[in-house]
Amino acid sequence: MEPVFLNKLVSQNNEWLSVRQAAIAENIANANTPGFGTKDVEPFTSVISKSQLAMTATHGSHLGQTMEAARASDVEKADSWSVSHSGNSVSLEQELMKAGEVARDHSLNASIAKSFHKMYLAAVKP
């Protein structure tokens with residue numbers, strides 16, 4: 001088991017967000033293209049779950065792997081929005097909502113990175 005580096009995790013999430021934003025931009029650019037189907041990327045949570053990250057105890061009083069594993073939650077797939085007569089399945093409203101999610105997640109990542117940077121500086125100050 002390799003250690004988890006939070007800065008690396010934030011960086012990976014930012015890379016994933018940029019790929020998702022590019023897919024959303026392509027969907028919006030092809031909103032009037034006949035027969036174009038929307039594209040999206042695999043959710044980041046499923047990408048991370050494949051990497052088998054787990055918490056480890058580095059001290060006897062730390063919580064270790066003996067804790068009960070978190071239960072998986074049920075995720076429902078949303079119904080796709082309307083498909084136009086040209087066969088195009090791009091919904092500008094839905095794509096703009098996705099773009100808003102990406103912007104919000106990127107802002108959250110930036111806040112997390114900024115907080116860790118402040119903690120590092122506080123730990124190094126004499």
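These legends accompany several close-up views of a predicted model. Local features need pLDDT of at least 70 and side-chain atom pairs count only at pLDDT 80 or more, while totals for chains, interfaces and linings use all residues. Residues are numbered from 1 along each chain as its sequence is written, and side-chain values use heavy atoms, with hydrogens and water left out.

**View 1. The helices of the protein.** Welcome to the overall fold. The protein has three helices and zero strands, in the order α-α-α along the sequence; helices are DSSP runs of H or I with at least four residues, strands are E runs of at least two, and numbering starts at the N terminus. Of its 126 residues, 17% count as buried (under 20% relative accessible area, 1.4 Å probe, protein chains only).

**View 2. The largest nonpolar core.** Here you can find W16, L17, I24, F44, A99 and V102. Such a core is a set of buried Ala, Val, Leu, Ile, Met, Phe, Trp, Tyr and Cys residues joined through side-chain atoms within 4.5 Å. Helices α1 (6–29) and α3 (92–124) each supply at least two of the core residues, and α1 gives the most, with three.

**View 3. The surroundings of W16.** Leaving aside residues up to four places away in sequence, W16 touches V41, E42, P43 and F44 (contact means heavy atoms within 4.5 Å).

**View 4. I28 in helix α1.**

Technical notes: Buried means under 20% relative accessible area, exposed over 50%, partly exposed in between (1.4 Å probe, protein chains only).
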